[in-house]
Amino acid sequence: MLEENSHRRPWLLLSPALLFLAVLAAAALAVVRMSVDVPGHGWHGISLSGYTDLAIPYYLKSLWLTLRLALQSTVLAVLLAIPVALAMARAKSKLARRLLLTGVLLPLLVNLLLQSYGWLIILGPGGVLNHALLSLGIVQRPVQWLYRENGVLLGLIQTAFPLAALPMASALRAISGSYEEAAATMGASRWQILRHVLLPLAMPGMLSGALLVFAYNASAFAVPLLLGGRRVSMLAVLVRDQITPLLNWQAASAISIVLMLATLAVMALSQKLVHRSQHLLGKTS
Amino acid sequence: MQNTNIKRRNVMKAIGASIAASTLSAPFVNAYAQEQNFKGKTLRFLTWSDDTGLAALRNIAASFSEKTGAKVIADRADGTSGMVAKLKAAGSKPQYDVITLAGVGASGLADAGLLLQPDLARLPNLKDVAPEYRTGANGFGVGYLLWTNGLIYNTATFKAAPASYEALWDQKYSGRIFLPPPSWVEAVDLAIIAAKLAGGSQKNIDPGFKKLALLKDRILMLGENPNQVAELFRTNALDLGGIYSPAFFPQAIKKPEYNMGVTYDMKEGFAAQLMYTVIPKSHPGDLDLIHAFINHSLDPVVQGKMAADVLNGPVNSKAAIPSESSRYVPSTRQIAEKAQMHDDKALAQVQSEWVRRYTEIFSA
């Protein structure tokens with residue numbers, strides 16, 4: 001009897017979480033079902049037209065743009081996160097660590113709309129940067145930083161930065177200082193220690209951060225909308241177009257599924273490549 | 001003496017009312033009677049969650065409750081698609097008696113067989129509404145406001161408001177103009193305007209898209225976020241844009257520091273779309289109450305207040321708009337002479353393709 005109870009207990013404890021996951025899964029399945037609706041007939045019948053209609057340059061270009069911007073923002077966010085994560089991991093003072101953590105978390109704490117106004121004030125045609133450049137005579141007309149791909153890329157990096165920095169800092173903090181000391185004793189420079197000791201050891205944290213950034217940015221909606229001036233058509237924006245004003249839930253669902261599958265495929269592929277390269281590195285060393 | 005006067009006045013009123021009742025047609029009298037007898041009854045009203053919805057609650061729902069004693073329970077949805085989704089999700093058991101929404105939503109719901117056709121004879125205020133604005137969505141919607149789009153211009157740059165849409169193609173404003181985003185119906189109307197300027201029409205739209213393509217490298221942005229647009233006018237980064245409704249920034253446009261003005265006096269006219277009130281087929285409330293409510297939304301005073309608050313055009317030709325708002329709202333003369341509405345049914349067939357073409361043209 002006691003043994004039976006001890007078998008049940010983990011499931012009982014897990015049940016709230018499982019229930020929550022079941023609701024999420026049901027919502028996702030409803031989207032899958034809507035993507036194969038027959039237009040105008042709701043859930044009566046099945047049609048793949050939602051998917052076949054996507055095989056045109058308009059959507060393919062948008063998919064490519066979405067994956068490209070997500071990838072670029074991932075690489076740049078990870079590169080920028082390395083020094084910040086190192087500082088967070090190595091900071092001795094509690095205050096310094098807290099300040100760094102607050103700074104990194106700010107993009108998640110501040111409303112995205114507010115952040116976009118911040119960028120507008122700094123980078124807009126009448127913004128601080130253009131004002132300075134014009135006053136110094138460096139440019140004759142305001143430079144267009146925003147409402148282009150560059151503006152969106154900047155926003156993607158900024159908003160997803162904590163997702164890259166936090167897992168990396170956590171992974172770096174877990175590496176014992178003795179490895180660095182040993183490498184330094186053997187004459188390795190700071191750069192060599194970072195390149196050959198710290199980064200390979202922190203690779204799992206870096207990879208999780210990179211995957212989080214990629215997934216987060218591949219589905220970005222607000223950033224391209226606010227900083228792209230609606231001229232950078234990432235796929236999530238096209239999903240919204242299908243819902244409002246076209247009320248085409250079938251197409252919107254099909255685009256969402258395609259975006260989800262493409263993102264999962266890229267994530268799986270990159271994970272596999274990293275594992276393979278680590279395996280090869282392990283063999284050669 | 002005073003009492004005698006009051007009594008006499010009351011007697012005169014009663015006689016007057018009897019005479020009026022015998023001369024007026026029945027529905028008008030019914031409507032008057034209905035408005036007085038709704039105490040204890042409840043109407044469920046679905047509207048927008050934005051400023052327009054708040055204004056509807058303030059100017060229509062609250063004043064209706066005050067006037068009739070009926071209780072109005074309001075729910076608000078984020079946009080027309082949200083309202084359509086709510087009504088579709090409820091199926092044959094909708095929770096609403098009246099919904100205010102844009103034309104595309106009204107047509108979609110009508111096509112899905114979810115609406116009840118209103119009895120126009122029970123809406124006496126319709127007599128002051130021009131026939132083309134009375135109904136739509138196959139007769140299932142009653143027009144209650146006109147969403148009107150003009151050209152937004154920088155009051156610091158323009159000495160006089162532009163008089164033609166051709167100003168958008170004027171090279172001197174290159175890099176300092178904005179256009180509506182592709183998913184908005186304003187983009188559709190702009191394509192039609194461009195087509196007309198280039199010798200085409202709604203049915204022959206290609207010249208319009210060719211003309212719009214000339215603006216690809218001349219625009220600063222597509223105005224998806226009205227607050228950003230207002231900010232860009234404030235910092236003098238924009239000179240001109242549209243077509244766009246001042247209803248998107250009803251507060252900012254009235255502040256001089258934002259340098260924004262709107263004009264509807266283009267020689268080509270201006271685009272307008274009817275917004276509707278509709279009745280769900282299986283409404284839970286009293287049908288007399290519902291008609292009285294819709295009729296109240298068409299009252300000239302209510303229409304004037306709504307137009308002033310949300311900067312939309314009134315459909316009631318007798319609506320009086322307070323002077324502080326009148327320069328942002330087309331006058332009843334302008335509406336009668338210059339308002340142009342696109343063919344909703346024909347548009348539904350091509351809108352998806354047009355959104356795609358517009359997006360492709362202006363992709364950075």
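**Exercise 1.** Which residues have the most contacts inside the largest nonpolar core?

*Solution.* The model is predicted: local features need pLDDT of at least 70, side-chain atom pairs count only at pLDDT 80 or more, and totals for chains, interfaces and linings use all residues. Residues are numbered from 1 along each chain as its sequence is written, while chains are lettered from A and ligands numbered from 1 in the order in which they are written.

Step 1. A nonpolar core is a set of buried Ala, Val, Leu, Ile, Met, Phe, Trp, Tyr and Cys residues joined through C-beta atoms within 7 Å; buried means that 20 or more other C-beta atoms lie within 10 Å of the residue's own, with C-beta atoms placed from the backbone.

Step 2. The largest such core holds 168 residues, and Ala164(A), Met168(A) and Ala191(B) have the most contacts inside it.

Step 3. Its top contributor is helix 7 (residues 149-173) of chain A, with 14 residues; helices are DSSP runs of H or I, at least four residues, and strands runs of E, at least two, numbered from the N terminus.

**Exercise 2.** State how chain B meets chain A.

*Solution.* Step 1. Two residues are in contact if their C-beta atoms, placed from the backbone, lie within 7 Å. On this basis, 29 residues of chain B touch 22 residues of chain A.

Step 2. Helix 4 (79-90), helix 5, strand 8 (219-222), helix 9 (226-234) and helix 14 (344-362) of chain B each give two or more residues to the side of chain B that touches chain A.

Step 3. Helix 14 of chain B gives the most to that side, with seven residues.

Terms used:
Buried ≥ 20, exposed ≤ 12 C-beta atoms within 10 Å, placed from the backbone.
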